[in-house]
Amino acid sequence: MVKQYRLLRYLPYALLVVLLAFILQRAWVSDDAYITYRTIDNLVNGYRLTWNPAERVQAFTHPLWMMILTVVYFFTREIYLTSIVVSIVLTLVAVWLLIRHSVSPYAAAFCVLVLSLSNAFIDYATSGLENPAGHVLIVVFGLLFLKMQPSAKKLFWLSLLTSLAAVNRMDSALIFAPALLLAFWQTPSRWRALPLAALAQLPFILWELFSLFYYGFLFPNTAYAKLNTFIPAGEATQQGVYYLLNSLQRDPLTLITVLAALLVAIFHKNRWSLLS
């Protein structure tokens, strides 16, 4: 019995190898990523953070991801394989953290199996976009939220991770915000801890100040292009429903898992779990 349990401990890692095989099989780079790649190439070659060298325009939406790739590209001077390798490494780190801190080998194996069968997760484990960095931040945030006792220190780290997530992609901070607010509410002497939480927002604040000074805008150029489309709300909602139905048809496991997790949170004895 003990031997069987020991063998079971290795099952999640075996599934991690399967996950890696799936990712390698479907590794790719989206055309959208080359907007960031051109900016990275300009920066490394002395043309600064620009799309066109003579124009200060922020064409990318993920500053943190751009910085990570820039550091590695500086040494490799090759972007296609570099972005794929960096993406895979970060994805494996995120999943490894899930395995290491799962409540049991069964839970860990289930998590890895679901991720392996999720088309959305596999597709965006690479793609050249910011998802892998976001996955690491989400996992670390979740682990700290669940394992640390309410305190000013916990609030600081959660706020810092939220700030980094906003630098990675601004709208992804909405994923972190409900749990961060709950952590703030649970913190003893929370109003005294608030300045520390505000200090942890420094990465995002510094980036916004740089963006305003360097580009002249707080938001990337793509935000203004995508939001000012003047498409009627009804049409936008209709297209959103079509997207949801398409996702349900092509990747039902992902949406079913999200819905199941939501239902578990709703019917959990602790209703606050819905926010986390």
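The second largest pocket holds about 450 Å³ of space. Keep in mind that this is a predicted model. Of the 19 residues lining the pocket, those closest to its centre are R169, D171, P220, A223 and L227. Helix α13 gives the most, with five residues. By class, the lining has 11 nonpolar, four polar and four charged residues.

Staying with α13, which covers residues 221–227, we find T222 there. Leaving aside neighbours within four places in sequence, T222 is in contact with Q58, A59 and T61. The C-alpha atoms of T222 and Q58 are separated by 8.0 Å, although the two residues are 164 apart along the chain.

Now the rings. A pair of aromatic rings is described by the distance of the centres and the angle of the planes. The structure holds 13 aromatic pairs. One of them is F184 with W191, edge-to-face, at 5.2 Å centre to centre and 80 degrees between the planes. F184 is buried, at 16% relative accessible area, whereas W191 is exposed, at 60%.

Another pair, F210 and Y214, is stacked, with 5.2 Å between centres and 10 degrees between planes. These two are four residues apart in helix α12, so about one helical turn separates them. F210 is partly exposed at 29%, and Y214 is buried at 10%.

Last, two arginines. The charged end of R38 sits over the ring of W51, 4.2 Å from its centre. The charged end of R77 sits over the ring of F74, at 5.3 Å from the centre.

Technical notes: Residues are numbered from 1 along each chain as its sequence is written. This is a predicted model: local features need pLDDT of at least 70, side-chain atom pairs count only at pLDDT 80 or more; totals for chains, interfaces and linings use all residues. Side-chain values use heavy atoms; hydrogens and water are left out. Contact means heavy atoms within 4.5 Å. On a 1 Å grid over the protein atoms alone, a cavity is a set of points where a 1.4 Å probe fits but cannot get out, and a pocket is an open set with protein on both sides within 12 Å along at least five of seven lines; lining residues have an atom within 4 Å of a point. Grid points are joined across faces, edges and corners, and a volume is the space filled by probe spheres set on the points. Ala, Val, Leu, Ile, Met, Phe, Trp, Tyr, Cys and Pro count as nonpolar, Asp, Glu, Lys and Arg as charged, and the others, Gly among them, as polar. Rings of Phe, Tyr and Trp (its six-membered ring) pair if their centres lie within 6.5 Å; planes under 30 degrees apart count as stacked, over 60 as edge-to-face and the rest as tilted. Buried means under 20% relative accessible area, exposed over 50%, partly exposed in between (1.4 Å probe, protein chains only). A charge sits over a ring if NZ of Lys or CZ of Arg is within 6 Å of the ring centre and within 35 degrees of the ring normal.
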